[in-house]
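Come along while I look things up, one entry at a time.

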Amino acid sequence: MDVALVPVPDSGARRLPAVLVMGDPELRAALSEQLRNAGVDALAGEAAVADRGVVFCAPTGDDATVRLAFQSARVAKLDKDGAFVVVTRLGGDFGVFGCENPVLTGLYGLTKTVALEQPEAFVRVVDSSSNVGVEAIAAELGRAGPVEVALSGDERRTLASVNLPSPHGTPDL
């Protein structure tokens, strides 16, 4: 078994609930503005609050970033009207094919755990390459789909397990 990025079929729209966009100051400001332009009740801020979901724009890969994301997940509204979203910029491949900052990959595990524990909430992790604009990230947050979405160029992909042939051939059984 190996991991591959596979295309995500269009699964329709999903309305993002009221959110606090936090984390990286530049991305936070631009993304909260784009979300507001799309009709989402989005505020930019620095600390999660209990009456809104969270969009966490991961700024760096230090331990403080991961701790802040964990604390935000604990405080965020995570019911049917809640959300927990992590946005990273590891290249649009979740760091699978070379990651300069492996600490951030821990945020993917956090997000998948929140999705399992809070199935009614809107939970997503979006990893984008540097050439993906904030408009595309905001648009992704208005779509239904899998928990993990990678954006690179005009591609929308997710991780999947794939079978690889054995380098030793087929065993005699």
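**Entry 1: a charged pair.** Which residue forms a salt bridge with Arg124? I looked it up, keeping in mind that this is a predicted model, and found Glu140, with the closest N and O atoms 2.7 Å apart. Glu140 sits in helix H4 (residues 134–140) and Arg124 in strand E6, so the pair ties together parts that are 16 residues apart in sequence. For Glu140 the relative accessible area is 0%.

Entry 2: Arg143 is partly exposed, at 31% relative accessible area. I then found that salt bridges link Arg124, Glu140, Arg143 and Arg156 in a network.

**Entry 3: another salt bridge.** I counted 7 salt bridges. One of them joins the side chains of Glu148 and Lys112, at 3.4 Å from N to O. Glu148 belongs to strand E7 (residues 148–152) and Lys112 to helix H3, so I noted a link between distant parts of the chain, 36 residues apart. Is Glu148 buried or exposed? Glu148 counts as buried because its relative accessibility is 12%, under the 20% cut-off. Lys112 is partly exposed, at 38%.

**Entry 4: Gly12.** I found Gly12 in the loop between strand E1 (2–7) and E2. Which residues does Gly12 contact, leaving aside neighbours within four places in sequence? They are Arg143 and Ala144. Gly12 and Ala144 are 132 residues apart along the chain, yet their C-alpha atoms are separated by 5.6 Å. Gly12 is partly exposed, with a relative accessible area of 34%.

**Entry 5: the nonpolar cores.** The largest nonpolar core has 26 residues, and Val54, Phe56, Phe84, Leu107, Leu110 and Val114 touch the most other members. Among the elements that give two or more residues to this core are strands E2 (19–23) and E4 (53–57) and helix H2 (63–75). Helix H3 gives the most, with 5 residues. I listed the contacts of Val54, beyond four places in sequence, and they include Leu20, Met22, Ser72, Phe84 and Val85. Apart from this core lies another, of 22 residues, including Leu31, Val40, Val87 and Ala138.

**Entry 6: Ser32.** My last stop was Ser32, in helix H1 (residues 25–37). Ser32 counts as buried, at 1% relative accessibility. A polar atom of the Ser32 side chain lies 2.9 Å from the backbone oxygen of Arg28. Beyond four places in sequence, Ser32 touches Val21, Ala42, Leu43 and Ala44.

Methods:
Residues numbered from 1 in each chain as written. Predicted model: local features only at pLDDT ≥ 70, side-chain atom pairs only at ≥ 80, totals over all residues. Heavy atoms only, no water. Core = buried A, V, L, I, M, F, W, Y, C linked by side-chain atoms within 4.5 Å. Buried < 20%, exposed > 50% of the residue type's maximum accessible area, 1.4 Å probe, protein only. Helix = DSSP H or I, 4+ residues; strand = E, 2+ residues; numbered from the N terminus. Contact = heavy atoms within 4.5 Å. Polar contact = N/O pair within 3.5 Å; in protein donor to acceptor, adjacent residues only side chain to side chain. Salt bridge = Lys/Arg side-chain N within 4 Å of Asp/Glu carboxyl O.
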